[in-house]
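The following exercises concern one protein chain. Please study the sequence and the model before reading each solution.

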Amino acid sequence: MPDRLLVPFDGSPLAERAVEYVAEKHPDAEVTILHVVDPISVVYEAEAHGLPEAEEWPRRATEEAERVCADAAKIAADAGCSVTTAVETGRPARVILDYVEDHDIDHVVLGSHGRSGVSRLLLGSTAERVMRQSPVPVTVVR
């Protein structure tokens, strides 16, 4: 039975590298591309553009998540991987960790944003939290 890999995907170049890594190193794996919609974004939307724009946020966030997942799935499928996609809402690190446990994932591969020093301490790091708390191996692609 092939390994079941989870690739959290936010549409960034580093997330694309994680998908490419999986396609190259684990071509026979069952790959799930997971996009996490962080609801804290609606607060930023309301602050930046006002309440009417924020009320449209769920629809726009869902459309964007579907587009991002489709882009990632194409990269993996073009390399011959068996791919499924998922969209979840919540705090990214927590959602990723819950998804691992709930879906019998064997390995997580994710991109690193490369933060260090004060930036990492102040902003936190999804990759670092997942690495420290995951019950399965985690590969961070730089």
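**Exercise 1.** Does Val68 count as buried or exposed, and at what relative accessibility?

*Solution.* This is a predicted model, in which local features need pLDDT of at least 70 and side-chain atom pairs count only at pLDDT 80 or more, while totals for chains, interfaces and linings use all residues. Residues are numbered from 1 along each chain as its sequence is written, and side-chain values use heavy atoms, with hydrogens and water left out.

Step 1. Recall the term: buried means under 20% relative accessible area, exposed over 50%, and partly exposed in between, with a 1.4 Å probe and protein chains only.

Step 2. Val68 counts as buried because its relative accessibility is 4%.

Step 3. Locate the residue: Val68 belongs to helix α4, residues 57–78. Helices (H or I, at least four residues) and strands (E, at least two) are DSSP runs, numbered from the N terminus.

Step 4. List the partners. Contact means heavy atoms within 4.5 Å. With neighbours within four places in sequence left aside, Val68 is in contact with Phe9, Asp10, Gly11 and His35.

**Exercise 2.** Describe the chain as a whole.

*Solution.* Step 1. Count the elements: the chain has seven helices and five strands.

Step 1. Consider burial: of the 142 residues in the chain, 39% are buried.

Step 2. Consider the contacts between residues at least 6 apart in sequence: 78% of them join residues at least 24 apart.

**Exercise 3.** Which residues of α5 are buried, and which elements are included in what covers them?

*Solution.* Step 1. The buried residues in α5 are Ala93, Val95, Ile96, Leu97, Tyr99 and Val100.

Step 1. Their cover includes the strands β1 (4–8), β2 (30–37), β3 (82–89) and β4 (107–111), together with helix α7.

Step 2. Take Val95 as one case. Val95 is buried because its relative accessible area is 13%. Leaving aside neighbours within four places in sequence, Val95 is in contact with Leu34, Val36, Glu88, Thr89 and Gly90. Val95 and Asp38 are 57 residues apart in sequence, yet their C-alpha atoms are 9.6 Å apart in space.

Step 3. Take Ala93 as another. Ala93 counts as buried because its relative accessibility is 8%. Apart from neighbours within four places in sequence, the contacts of Ala93 are Thr126, Arg129 and Val130. From Ala93 to Met131 there are 38 residues in sequence and 9.6 Å in space, C-alpha to C-alpha.

**Exercise 4.** At roughly what angle do the axes of α5 and α7 cross?

*Solution.* Step 1. Axes are lines fitted to C-alpha atoms, for helices over the stretch in contact, and angles run from 0 to 180 degrees between N-to-C directions.

Step 1. The axes of α5 (residues 92–102) and α7 (residues 126–133) cross at roughly 35° and come within 9 Å.

Step 2. Pro92, Ala93, Arg94, Ile96 and Leu97 of α5 make the contact with Thr126, Arg129, Val130 and Gln133 of α7.

**Exercise 5.** How many disulfides does the structure hold?

*Solution.* Step 1. A disulfide is a pair of cysteine sulfur atoms within 2.5 Å.

Step 1. The structure holds zero disulfides.

Step 2. Cys69 counts as buried because its relative accessibility is 2%. Cys81 is buried as well, with a relative accessible area of 8%.

**Exercise 6.** Which residues does Thr139 contact, leaving aside its neighbours within four places in sequence?

*Solution.* Step 1. Thr139 is placed in strand β5, residues 138–141.

Step 1. Thr139 counts as buried because its relative accessibility is 18%.

Step 2. With those neighbours left aside, Thr139 is in contact with Tyr21, His107, Val108, Val109 and Leu110.
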